[in-house]
Amino acid sequence: MEDTATDYKLLYQQAIAAHKKSLELISEKDEQIQALNFELDKYKRYIFGKKNEKLASVHTDANQIDLFELGTDQQQQEELSQQVADVVKEKTPAKKREKGTGRMLLPENLRREIIIIEPTEDVTGCIIIGEEVTEVLDLIPAEFFVKRYIRYKYARANGEGIITASLPDRVIDKGIPSEAVIAQMVVDKYVFGLPLHRQIDKYRRLGVNVPASTASDWIMKGWQHLAPLWELLKLLVLNQKYLQADETPLKVLDRDHKNGIHQGFMWIYNAPCDKLTLFDYRKGRDQSGPRQMLEGYAGILQVDGYAVYEKLFGSHPDILLVYCMAHARRKFVDALKYDEQKATYVLERMQLLYVLEKQMREEGVDWEERTKLRQKKSVPVLLELKEWMTEQLPLVIPKSPLGQAIAYTLPRWEGLSAYALHGQIEIDNNLAENVIRPLAIGRKSFLFAGSHQAAEMTAAMYSFMATCKRNGVDEQEWLKDVFERIQSHKQKDLYQLLPNNWIEYRNQTG
């Protein structure tokens with residue numbers, strides 16, 4: 001007869017194992033839910049963070065519309081005007097001048113137009129004992145005008161020939177626009193994000209009709225004259241010892257693409273020491289762009305956590321990869337909601353690093369002194385943070401926001417701390433990110449580049465405009481001057497026309 005006794009010990013062990021497995025599954029599900037909630041929260045803040053107003057839907061019953069004049073007659077407008085005036089008068093409080101407040105000071109370099117206002121009363125027999133001066137900022141709308149060059153022809157004695165003065169160098173030989181016009185179009189588009197069709201509308205109101213194809217051709221001709229300067233800028237940037245790199249998308253019209261629009265990328269190489277910026281257009285975000293551009297480069301490269309940089313240069317013998325502290329900091333900002341105490345601990349210590357950087361920047365400390373101060377004050381904080389994260393890594397849930405922040409930061413800590421080795425290295429990549437902003441503004445306005453060739457020209461123009469801004473140079477003034485001089489400038493002195501050298505050499509002839 002078989003032994004049918006129940007093995008309760010085995011059942012108990014099986015129940016315990018099943019319970020443990022259930023707990024593991026529940027824990028795993030909780031982690032997934034927490035991770036998904038984290039991502040959802042980020043997207044909500046991204047989408048809705050600054051958009052707290054929505055247009056309400058308007059529903060109108062057609063049967064409620066009577067057949068009468070929908071406008072207002074003159075009498076109604078007069079009555080409403082008086083009604084508004086009375087309401088505004090009631091709501092407007094009596095003005096009280098606050099202590100310590102005053103009007104903005106108007107720049108001394110602006111031209112002053114003197115307007116004398118005499119009293120309406122008779123001032124015969126009165127003497128002037130003083131004056132009340134009020135300055136008002138005014139402007140004259142932009143105006144097109146025509147430059148007419150007249151060159152007299154002189155006949156030499158004895159019929160030996162004719163003498164005529166030469167025209168100044170022109171961007172478009174025998175063309176209509178002056179160098180100032182082309183410069184203004186470039187600046188309006190690449191600095192202020194004003195697309196060509198809006199510029200054309202503005203010109204039409206000023207009395208000049210410029211076809212879209214013509215306006216585009218003018219800018220392209222201007223770019224062609226800047227091509228040698230563009231090549232020089234690339235060489236100078238790539239010969240720097242320290243670069244910051246970043247990338248941002250740019251849509252490009254492409255008939256061969258299935259949707260008619262290709263997703264290209266602008267790669268940015270910023271040189272903080274010489275205040276130079278290089279935009280490089282590529283059709284993709286893969287390794288080919290930085291691999292080709294930085295082939296043969298030797299020096300310090302500061303980047304965010306994009307994997308392409310790590311794969312290409314993480315173990316490169318001639319390149320020291322430095323990471324961006326701001327990117328690491330954002331990870332812990334995201335983790336605040338989920339583990340405020342520990343995330344705050346990291347953020348407070350990172351803040352100590354940034355306070356020192358701000359203090360040195362405001363005091364104008366040179367880079368040698370910055371190196372010493374970082375070694376003395378920043379390095380201890382960096383070592384403390386590394387030790388803390390090393391201790392916390394096995395204690396936190398890996399997929400939690402804090403776990404992800406530590407997992408991102410700790411393997412890169414050597415590169416994040418490397419800025420303390422040299423005073424000219426920045427603590428983060430914000431300078432490179434800042435030069436992207438005009439492109440981001442322009443991208444919202446003109447949406448896409450007209451072709452891959454146009455995107456390459458766009459890269460050059462943004463490079464020049466960003467370099468002007470980094471050096472405090474007026475973009476329109478610089479571009480007009482370069483257009484006028486670059487053709488006759490000596491090749492060996494071409495560097496003098498770059499924005500970082502232009503102020504020093506502008507009054508010298510090439």
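**Figure 1. Contact between helix 3 and helix 4 in the predicted model.** Residues M185, D188 and K189 of helix 3 meet L196, Q199, K202 and Y203 of helix 4. By class, the residues of this contact divide into three nonpolar, one polar and three charged.

**Figure 2. Crossing geometry of helix 3 and helix 4.** Helix 3 spans residues 179-190 and helix 4 spans residues 196-205. Their axes come within 10 Å and cross at roughly 130 degrees. The crossing of the two helices is right-handed.

**Figure 3. The largest nonpolar core.** This core comprises 107 residues. Those that touch the most other members are L229, F279, L301, M325, F332, F464 and W478. Helix 5, residues 212-238, gives the most to the core, with 11 residues.

**Figure 4. Surroundings of L229.** With residues up to four places away in sequence left out of the count, L229 touches F464, W478, V482, I486, L494, L497 and L498. Of these partners, F464 and W478 are, like L229 itself, among the core residues that touch the most other members.

**Figure 5. Overview for orientation of the close-up views.** The secondary structure of the protein comes to 16 helices and seven strands. The protein has 510 residues, of which 36% count as buried. Among contacts between residues at least 6 apart in sequence, 62% join residues at least 24 apart.

Notes. Residues are numbered from 1 along each chain as its sequence is written. This is a predicted model: local features need pLDDT of at least 70, side-chain atom pairs count only at pLDDT 80 or more; totals for chains, interfaces and linings use all residues. Side-chain values use heavy atoms; hydrogens and water are left out. A nonpolar core is a set of buried Ala, Val, Leu, Ile, Met, Phe, Trp, Tyr and Cys residues joined through side-chain atoms within 4.5 Å. Buried means under 20% relative accessible area, exposed over 50%, partly exposed in between (1.4 Å probe, protein chains only). Helices (H or I, at least four residues) and strands (E, at least two) are DSSP runs, numbered from the N terminus. Contact means heavy atoms within 4.5 Å. Axes are lines fitted to C-alpha atoms, for helices over the stretch in contact, and angles run from 0 to 180 degrees between N-to-C directions. A crossing is left-handed if the near helix is turned anticlockwise from the far one by less than a right angle, and right-handed if clockwise. Ala, Val, Leu, Ile, Met, Phe, Trp, Tyr, Cys and Pro count as nonpolar, Asp, Glu, Lys and Arg as charged, and the others, Gly among them, as polar.
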